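Hello,

Here is the structure for you to look through. My notes on what turned up follow below.

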Amino acid sequence: MCNHFIRSENNPILKPNPNNYWEAQKLYNPGVIFRNGEYHMFYRAMGGGTGWKSSIGYAVSKDGENFIRFTEPLLTGIGGLEKRGLEDPRISKIEGTYYMVYAAYDGITPRLSMARSINLKTWERQGPIFSDWKFEKAGGIFTEWNENGKLITKPQTEEWSKSGAMFPEKIDGKYWIMFGEYRIWFATSTDGISWTGDQTPFLGPRKGDYFDNTFVEMGPPPIKTEKGWLVLYHGINNKQWYQVGFLLLDLKNPGKVLFRSEEPIFKPEMDYEMSGMVDVLPGGLATMQKMSKEELNSFLAEHDAKGTMPRVTFCCGATVVNDTLRIFYGAGDSVICTATADMSEVLNLAI
């Protein structure tokens, strides 16, 4: 099923820039929207120094592959809830307003948050979207590994919410978001400001030899098609491969699943997707940031040789232009890439 996508020959299309302190180490997980003949990309970036704080950069392209990026970050973390920055933005437009859904991270807890814009360049933060939503109380189950693939200590937090993507139009008079990692939930709002998150997961992993048999995580904003809402999501297996599957949801009732892919439609295959400074490596960024360049290279090579290196294609952005579905994704949590498929062929997979 994965052979429907064609990777760009220019991949990776964006790499860290050592001349810009805020994006010198890692560049990944971009949200993208196509407007007025241009692809507008909002990407997560990390520099060096203490804390490895995430910022959101901005880049523009005519063809979806050659981007002009700004030298300064578009958004940086402000205040305690954003102490470690802003992560993995997704972009939607509803009735003349652009919505950016991202995770604000304080170093312990990611909180699903939102900003608004009318021009894609200046953004007004709305803050966390939930006032009282608890991960485990709502049916969430943490899944983590150490280097031997065994479960390790779960995060000591209740609020864990991230990976949110807003539907590009109101449904039944309400704004809708799909969000979450480990499990995926719905959240709705009547005003786009105050949100209510479901207390039961909408989508979870499947038992058996599936690409999503360990946990699932939301992808880009849903795409409206004649067959239903096309929802790309990440399926993670017990080898820590991050692969992309898809759903078709009913246009009027998104809670109704019309189709769920049994195989991924996109998965790690290229060298630049098979390794990198992956966030979920044992010890995470807190460990890697203390290493010298030589120590880091040795650390990554060791995990690659042992088969414990997570393989990551993580997609937060997707556009449809002239029946071409273009995805934008982070490869190995380190660089940004793109690939295209015929939208009709993808939809024809849903039988």
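**Salt bridges and burial**

K26 is buried, with a relative accessible area of 0%. Buried here means under 20% relative accessible area, exposed means over 50%, and partly exposed is in between (1.4 Å probe, protein chains only).

Before going on, note that this is a predicted model: local features need pLDDT of at least 70, side-chain atom pairs count only at pLDDT 80 or more, and totals for chains, interfaces and linings use all residues. Residues are numbered from 1 along each chain as its sequence is written, and side-chain values use heavy atoms, with hydrogens and water left out.

Which side chain meets K26 in a salt bridge? The partner is D279, at 2.9 Å from N to O. K26 sits in strand β2 (residues 26–35), while D279 lies in the loop between β19 (257–260) and α1 (284–288), so the pair ties together parts that are 253 residues apart in sequence. A salt bridge is a side-chain nitrogen of Lys or Arg within 4 Å of a carboxyl oxygen of Asp or Glu. Helices (H or I, at least four residues) and strands (E, at least two) are DSSP runs, numbered from the N terminus.

D279 is partly exposed, at 22% relative accessible area. D279 also forms a salt bridge with R44, where the closest N and O atoms are 3.6 Å apart. This pair links distant parts of the chain too: R44 is in strand β3 (residues 38–46), 235 residues from D279. R44 counts as buried, at 4% relative accessibility.

Now take R111 and E159. Their side chains meet in a salt bridge of 3.2 Å, N to O. R111 belongs to strand β8 (residues 110–117), and E159 to the loop between β9 (124–128) and β10 (165–166), 48 residues apart. R111 is buried at 13% relative accessibility. E159 is partly exposed at 33%.

Salt bridges that share partners join K26, R44, E87, D88 and D279 into one network. How many salt bridges does the structure hold? It holds 19.

**A sheet**

Four strands form an open sheet. Their order is β10-β11-β13-β14, and the pairing is antiparallel. The edge strands, β10 and β14 (196–197), each pair on one side only. Two strands pair if DSSP finds at least two bridges between them. Strand β11 (residues 175–179) and strand β13 (residues 185–189) are joined by 5 bridges. Within this pair, I177 has A187 in β13 as its bridge partner.

**A glycine in a loop**

G47 lies in the loop between β3 and β4 (54–61). Is G47 buried or exposed? G47 is buried, with a relative accessible area of 5%. Leaving out residues up to four places away in sequence, G47 touches Y21, W22, E23, A24, Q25, W52 and K53. Contact means heavy atoms within 4.5 Å. A59 is 12 residues from G47 in sequence and 17 Å away in space, C-alpha to C-alpha.

**Cavities**

A search of the whole structure finds 4 cavities of 30 Å³ or more. On a 1 Å grid over the protein atoms alone, a cavity is a set of points where a 1.4 Å probe fits but cannot get out; lining residues have an atom within 4 Å of a point. The largest cavity has about 50 Å³ of space. Its lining includes R111 and E159, the salt-bridged pair from above.

Best wishes

Notes
On a 1 Å grid over the protein atoms alone, a cavity is a set of points where a 1.4 Å probe fits but cannot get out, and a pocket is an open set with protein on both sides within 12 Å along at least five of seven lines; lining residues have an atom within 4 Å of a point. Grid points are joined across faces, edges and corners, and a volume is the space filled by probe spheres set on the points.
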